[in-house]
Amino acid sequence: MAQETAGPRSRILAVATELFYRHGINTTGIAEVADRAGVSKRTLYQLFPGKDLLVAAYLDGIAATTERDTGDGNNEYKLFDLALSPRERLLGLFDRPAPVARYRGCPFHDAAVELAGLDHPGLPLVIEHKHGILRRLIDTARQAGATDPDLLGRQVAVLFEGAMALSTSLNSTEAFDFARTAAVVLLDAALPA
């Protein structure tokens, strides 16, 4: 197992994950990924027969980390923290992320913006991830006792996505503070006293 972790595939994915998230998918070239991973372009293309497949593998790897804090400022992992009450899990989405030089928000949202083709192999992963988070929000709202958990889950999803997107656009995470205030109002109205 240790050899696989240090192998070329793992190195390529680790570098692609860093570069795609920090600099963007479209601005990151295959040559840069190969160089930083210490492999030839030929090796990279043998493992990933095109950039689109590398992007899909990157997104698949990110999806596998949803339940833990990866330090990227995406608070989705809070939905899985069963030490918190359902209400605390919902509000935890709006904790202001730690300051970073450049806030990038949700890697799936970023990818959706960059992946222009409807046939891109990464797009189904984006959609699957977002639907999975929405289902988790609805389930958490149900656990919290919401009178209409479907509506509350969808409203919280829009607030959370909006906070991440605006924070990414402005490179300022203060949008989380405003979204949290709105989330408190929604939760107070939707949950039993």
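**Contacts, core and helix pairs**

Reader: What does M164 touch, not counting residues up to four places away in sequence?
Author: With those left out, M164 touches N74, Y103, G105, C106, K130 and F176. Contact here means heavy atoms within 4.5 Å.

Reader: Ok. Where do these values come from?
Author: From a predicted model, in which local features need pLDDT of at least 70 and side-chain atom pairs count only at pLDDT 80 or more, while totals for chains, interfaces and linings use all residues. Residues are numbered from 1 along each chain as its sequence is written, and side-chain values use heavy atoms, with hydrogens and water left out.

Reader: Back to M164. Buried or exposed?
Author: M164 has a relative accessible area of 2%, so it is buried. Buried means under 20% relative accessible area, exposed over 50%, and partly exposed in between, with a 1.4 Å probe and protein chains only.

Reader: Which helix is M164 in?
Author: M164 lies in α9. Helices are DSSP runs (H or I, at least four residues), strands are runs of E with at least two, and both are numbered from the N terminus.

Reader: And how many helices and strands does the chain have?
Author: Ten helices and zero strands. The C-alpha atoms of the chain fill a box of roughly 60 × 35 × 35 Å along the principal axes. Of its 193 residues, 45% count as buried.

Reader: New topic: what is in the largest nonpolar core?
Author: It has 53 residues, and those with the most contacts inside it include I12, V33 and L54. Such a core is a set of buried Ala, Val, Leu, Ile, Met, Phe, Trp, Tyr and Cys residues joined through side-chain atoms within 4.5 Å.

Reader: What does I12 touch, apart from residues up to four places away in sequence?
Author: I12 touches V33, A37, V39, L44, L47, F48 and L54. I12 is also one of the residues of α2 that meet α3, and V33 and A37 are among those on the α3 side.

Reader: How do α2 and α3 cross, then?
Author: The axes of α2 (residues 8-23) and α3 (residues 30-37) come within 9 Å and cross at roughly 125°. Axes are lines fitted to C-alpha atoms, for helices over the stretch in contact, and angles run from 0 to 180 degrees between N-to-C directions. The two helices are therefore oblique to each other. Angles under 35 degrees count as roughly parallel, over 145 as roughly antiparallel, 65 to 115 as roughly perpendicular and the rest as oblique.

Reader: What about α5 and α7?
Author: Their axes come within 10 Å and cross at roughly 155°, so α5 is roughly antiparallel to α7. Y58, L59, I62 and A63 of α5 make the contact with P107, F108 and A111 of α7. By class, that is seven nonpolar, no polar and no charged residues. Ala, Val, Leu, Ile, Met, Phe, Trp, Tyr, Cys and Pro count as nonpolar, Asp, Glu, Lys and Arg as charged, and the others, Gly among them, as polar.
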